[in-house]
Amino acid sequence: MIATFDIMILVFVLICAIAAISVKDLLSAVMILGAYSFFMCLLWSEMGAVDVAFTEASVSAGIGTVLFIAAVSQTKRRSKD
Amino acid sequence: MFDLIISKYNYWIYIILMMIGFYAMIGKKNLVKKIIGMNIFQTAIILFFISTASKKGGTLPIIMHGHGAHAVKAASYINPLPHVLMLTAIVVMVSTLGVALAIVIQIYRRYNTLEENEILRLNK
Amino acid sequence: MRFLALIAVIITGIILIYGSVDMPDWGDPHSPASLHVSPRYIEKTMEETATPNMVTSVLADYRGYDTLGETTVIFTAGISCILILRERKRRKKRKINPKNPTNHV
């Protein structure tokens, strides 16, 4: 638990979350969500939860992004808001 | 006041993250955007639970020099129980994500759009 | 509509921040979550399960039924994905007509 490292990663996570819900292109939003998951994984390994961190990196940032890309490629890429 | 901010700032940032996800769930019209908001919401809650496990002065929950015979003190390792519960929660999160995306694909096949207001207008 | 959503979100956030003042401090070793069950897991894991990694021993040994239930959840999710995305070849394809949307039932 190093406070400056913690605050830096938290700020990056906030920026990624706001960008992921405000981008109009859905593929870009999904990519930013993958970056959000990796920052979250870094935050957890900084807190000492290594098992949760590598599960997040493999399951949520890997399989989740793949599922999102599959869904976006089957449907429309543009979003109105 | 400064002590309060130092000891509670991470809870406030988790609440802000959770509110971003909540706003995307109820305010956005696109269905994929709603699912992205759900993902952010669940991740913020998991982050909150992981942060209750941390102890000042504790190390990772893996016993050092494991197979020697010596006493283990509970205060020198962080709490492993929230980590276990949140491992389960992450896997359940990905399962709900898969089912939600399958439903979205089926909705798109039927209505040819992903915007919520157009689906409601077509369904009237 | 968007304004209403923003107001609801802000009210919920204020209530949660008001509730977070009573939470234990971050990294407090005497918080209630780390006093009740977990000291037994930490102290007895070597002699009861012979696994140095406590997360693994709790996940697979002390709380093995929890992991079994999680497997059931993943299985149900996979089955429901297959059932939702399956192409129905026998029937006619019921695609909605955007000009006249009521004739699909």
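Two residues are in contact when they have heavy atoms within 4.5 Å. By that rule, 43 residues from chain B and 44 residues from chain A take part in the contact of the two chains. The model is predicted: local features need pLDDT of at least 70, side-chain atom pairs count only at pLDDT 80 or more, and totals for chains, interfaces and linings use all residues. Residues are numbered from 1 along each chain as its sequence is written, chains are lettered from A in the order in which they are written, and side-chain values use heavy atoms, with hydrogens and water left out.

## Chain A

Start with one chain. Chain A has three helices and zero strands. (Helices are DSSP runs of H or I with at least four residues, strands are runs of E with at least two, and both are numbered from the N terminus.) Along the sequence the pattern reads α-α-α. The C-alpha trace of chain A spans about 40 × 25 × 10 Å along its principal axes.

The size of an interface is often given as the accessible area lost when the parts come together. Here chains B and A bury about 3800 Å², with 78% of it on carbon and sulfur atoms. (Buried area is the accessible area, for a 1.4 Å probe, that two parts lose on being put together, summed over both.) On the chain B side, B:K33, B:I36 and B:I90 lose the most area to chain A, together 14% of what that side buries.

Polar links cross the interface too. Five residue pairs are in polar contact, both residues at pLDDT 80 or more. (A polar contact is a pair of N or O atoms within 3.5 Å; within protein, one must be able to donate a hydrogen and the other to accept it, and residues adjacent in sequence count only if both atoms are side-chain atoms.) Helix 1 (2–27), helix 2 (31–51) and helix 3 (81–111) of chain B each supply at least two residues of the side that touches chain A. That side divides into 27 nonpolar, eight polar and eight charged residues. (Ala, Val, Leu, Ile, Met, Phe, Trp, Tyr, Cys and Pro count as nonpolar, Asp, Glu, Lys and Arg as charged, and the others, Gly among them, as polar.)

## Salt bridges

Side chains of opposite charge can pair when their charged atoms come close. A salt bridge is a side-chain nitrogen of Lys or Arg within 4 Å of a carboxyl oxygen of Asp or Glu. The count over all chains is five, and between chain B and chain A it is one. Two of the salt bridges are listed here.

| Salt bridge | N to O distance |
|---|---|
| A:K80 and B:E118 | 2.7 Å |
| A:R77 and A:D25 | 3.0 Å |

Which parts of the chain does the pair A:R77 and A:D25 link? A:R77 is in the segment after helix 3 of chain A, and A:D25 is in the loop between helix 1 (3–22) and helix 2 (26–47), 52 residues apart.

## A cavity

On a 1 Å grid over the protein atoms alone, a cavity is a set of points where a 1.4 Å probe fits but cannot get out; lining residues have an atom within 4 Å of a point. The whole structure has one cavity of 30 Å³ or more. The largest cavity holds about 40 Å³ of space. (Grid points are joined across faces, edges and corners, and a volume is the space filled by probe spheres set on the points.) Its lining includes A:S37, A:F68 and B:N39. By class, the lining has three nonpolar, six polar and no charged residues.

Terms used. On a 1 Å grid over the protein atoms alone, a cavity is a set of points where a 1.4 Å probe fits but cannot get out, and a pocket is an open set with protein on both sides within 12 Å along at least five of seven lines; lining residues have an atom within 4 Å of a point.
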